[in-house]
Amino acid sequence: MTTALTIEQAILDAIVAHARRDHPDEACGVVAGPVGSDRPMRHIPMDNAERSTTFYRFDSKEQFRVWAEMDDRDEEPVVIYHSHTATEAYPSRTDISYAGEPNAHYLLVSTREPEQTEIRSFRILDGVVTEEPVNAVQSYMFGQSPSAVDYECRS
Amino acid sequence: MAIDVRIPTILRSFTGGAKAVSGAGDTLADLLTDLDGKHPGLRGRLITPEGGLHRFVNIYVNDEDVRFLGSLDAKLNDGDTVTILPAVAGGALGLTVAHALRG
Ligand SMILES: [Zn+2]
């Protein structure tokens, strides 16, 4: 199990833009990546079926479609994100009790400050929350940190 | 009467790591009882002690959420696929507060 989330800056920017767009409602979504790669590559904004400032839930129909598509592409949810719009970017007890993807990084974004967006990442396993650093890289092909450089050709 | 059942990562500890298992039953309730015989404990993660569907999971027959098909009474046919997914949900508030607010 890795202890950091490495993610492209452009995807992080898109997640923040989604959270800002839906504010004051909570925004939510997934970043899919190849199974076992731990690489979030494909950003999928999801509907918040609750349309609420304090709660989010993936629409079950949309989730089925997105999960089936990931399955077809040999992908998994590498990142599951949502926003808190009036509180800090830390998992609530509700978030912890629902956390059901053991391989996922749970990314939280807080939009409570208009000028500044707090972004934090967590592992949530069996009710235990472990914070991890977020490493933003320009891209996986030309990563800024050596661990993110990959010269393999992936199609 | 064979139903293909897709198991999410978090519940594969009950199926020896298998991503899909086979089961039988005319309804979802029957299927889960059948599965629990082969994979003890699985049913308990899907159904509450009160006998309802757990809110932490979504179960689908083919591509339809069983909450729209009569829940545990959902009818099954030979060749159907039942998919179990973890519900993805949460929020800024504690569960008790969230449910009180939502009524
Ligand atoms: Zn939350």
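**Exercise 1.** How many residues does H2(A) have, and what distance does H2(A) reach from its first C-alpha to its last?

*Solution.* The model is predicted: local features require pLDDT of at least 70, side-chain atom pairs count only at pLDDT 80 or more, and totals for chains, interfaces and linings use all residues. Residues are numbered from 1 along each chain, chains are lettered from A and ligands numbered from 1 in the order written, and side-chain values use heavy atoms, without hydrogens and water.

Step 1. Helices (H or I, at least four residues) and strands (E, at least two) are DSSP runs, numbered from the N terminus.
Step 2. H2(A) has 13 residues and reaches 18 Å.
Step 3. The expected span is 1.5 Å times one less than the number of residues; for H2(A), the reach is close to the expected 18 Å.
Step 4. Just after H2(A), A:Asp74 has a positive phi of about 55°.

**Exercise 2.** State which residues of H2(A) are buried, and what they pack against.

*Solution.*
Step 1. Buried means under 20% relative accessible area, exposed over 50%, and partly exposed in between (1.4 Å probe, protein chains only).
Step 2. The buried residues of H2(A) are A:Ser60, A:Glu62, A:Gln63, A:Phe64, A:Val66, A:Trp67 and A:Met70.
Step 3. In chain A, these buried residues pack (contact: heavy atoms within 4.5 Å) against strand S2 (28–34), strand S3 (42–46) and S5. In chain B, their partners are strand S3 (57–61), strand S4 (64–65) and S5.

**Exercise 3.** Describe the largest pocket and its lining.

*Solution.*
Step 1. On a 1 Å grid over the protein atoms alone, a pocket is an open set of points with protein on both sides within 12 Å along at least five of seven lines; lining residues have an atom within 4 Å of a point.
Step 2. The volume, the space filled by probe spheres set on the points, is about 520 Å³ for the largest pocket.
Step 3. Of its 24 lining residues, the closest to the centre are A:Trp67, A:Asp71, B:Arg12, B:Lys19 and B:Leu85.
Step 4. H2(A) gives the most to this lining, with six residues.
Step 5. The lining of the largest pocket has ten nonpolar residues, five polar and nine charged. Ala, Val, Leu, Ile, Met, Phe, Trp, Tyr, Cys and Pro count as nonpolar, Asp, Glu, Lys and Arg as charged, and the others, Gly among them, as polar.

Definitions and conventions
1 Å grid on protein atoms, 1.4 Å probe; cavity = no way out; pocket = protein on both sides within 12 Å on 5 of 7 lines; lining within 4 Å.
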